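Here is a friendly walk through a fold and some of its aromatic contacts. Keep the model open beside you as you read.

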Amino acid sequence: MIGIIDYGMGNLRSVEKAFKYVGYEAKIIKDVASVKEAHALVLPGVGAFPDAMDTLIKTGMLEEIKRQIDKGKLFLGICLGMQLLFEKGFEIKETEGFKIFKGQVIELPKHNKIPHMGWNSLEIKKETPLLKGVENGDYAYFVHSYYVANNEEKYVYAVTDYGVQIPAVIIKDNVFSCQFHPEKSGKVGLKILKNFGEMAKWF
């Protein structure tokens, strides 16, 4: 069972339906016990970095998610769920993140239309099972005003360009993440979610 973490900040039903569409059991979860029980975890997210961290801390889920990641449980962060994996976010106020990856989450440059909303092509930097069947130049759907910067390039598997290079897929060991919304990205996004579900069998 894939656990989709509910912390009041995500497009949960769309993610749940997308996993079920590609043949994988997914369930929305909102407590520490369910985080422990899930075979794999998905952290979606739309909203503000500090609000998300505050909720995860108050519910006790933050420490349990980190504990399960340390144990090797497969994890996927989507949009804000990816950004929270970094050291700090600077949306509204400076806020500490999960600190799984080095880097900060900062506002997109002012010369861009903000938020970055719509379809952008992916430039694939490295092969990964998560992107099996996804071609260089395929399009994914983005909705965000902040992006990851000052990060370690060795963990970047795909980028997109929006007047600045934006890390689109970042992976380290059992932690997978994407800045775009696979559940809104048509056939490309469904491939990615199916690949994640397939990997969950082996973790």
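## The sheet

Gly 3 has Leu 41 of strand 3 standing opposite. Three bridges connect strand 1 (residues 2–5) with strand 3 (residues 40–43), and the two run parallel. Strands here are DSSP E runs of at least two residues and helices are H or I runs of at least four, numbered from the N terminus; two strands pair if DSSP finds at least two bridges between them.

The open sheet holds eight strands in the order 2-1-3-4-14-13-12-9, with mixed pairing. Strand 2 (26–29) and strand 9 (123–124) stand at the edges with a single partner strand each, so one side of each has no neighbour in the sheet.

## About the model

This is a predicted model, in which local features need pLDDT of at least 70 and side-chain atom pairs count only at pLDDT 80 or more, while totals for chains, interfaces and linings use all residues. Residues are numbered from 1 along each chain as its sequence is written, and side-chain values use heavy atoms, leaving out hydrogens and water.

## Aromatic pairs

Rings of Phe, Tyr and Trp (its six-membered ring) pair if their centres lie within 6.5 Å; planes under 30 degrees apart are stacked, over 60 edge-to-face, and the rest tilted. The count by this rule is five aromatic pairs. The ring centres of Trp 119 and Tyr 141 are 5.6 Å apart with planes at 70 degrees, so this pair is edge-to-face. Trp 119 lies in strand 8 (residues 116–121) and Tyr 141 in strand 10 (residues 139–144), 22 residues apart.

Phe 86, Phe 101 and Tyr 155 form one aromatic cluster.
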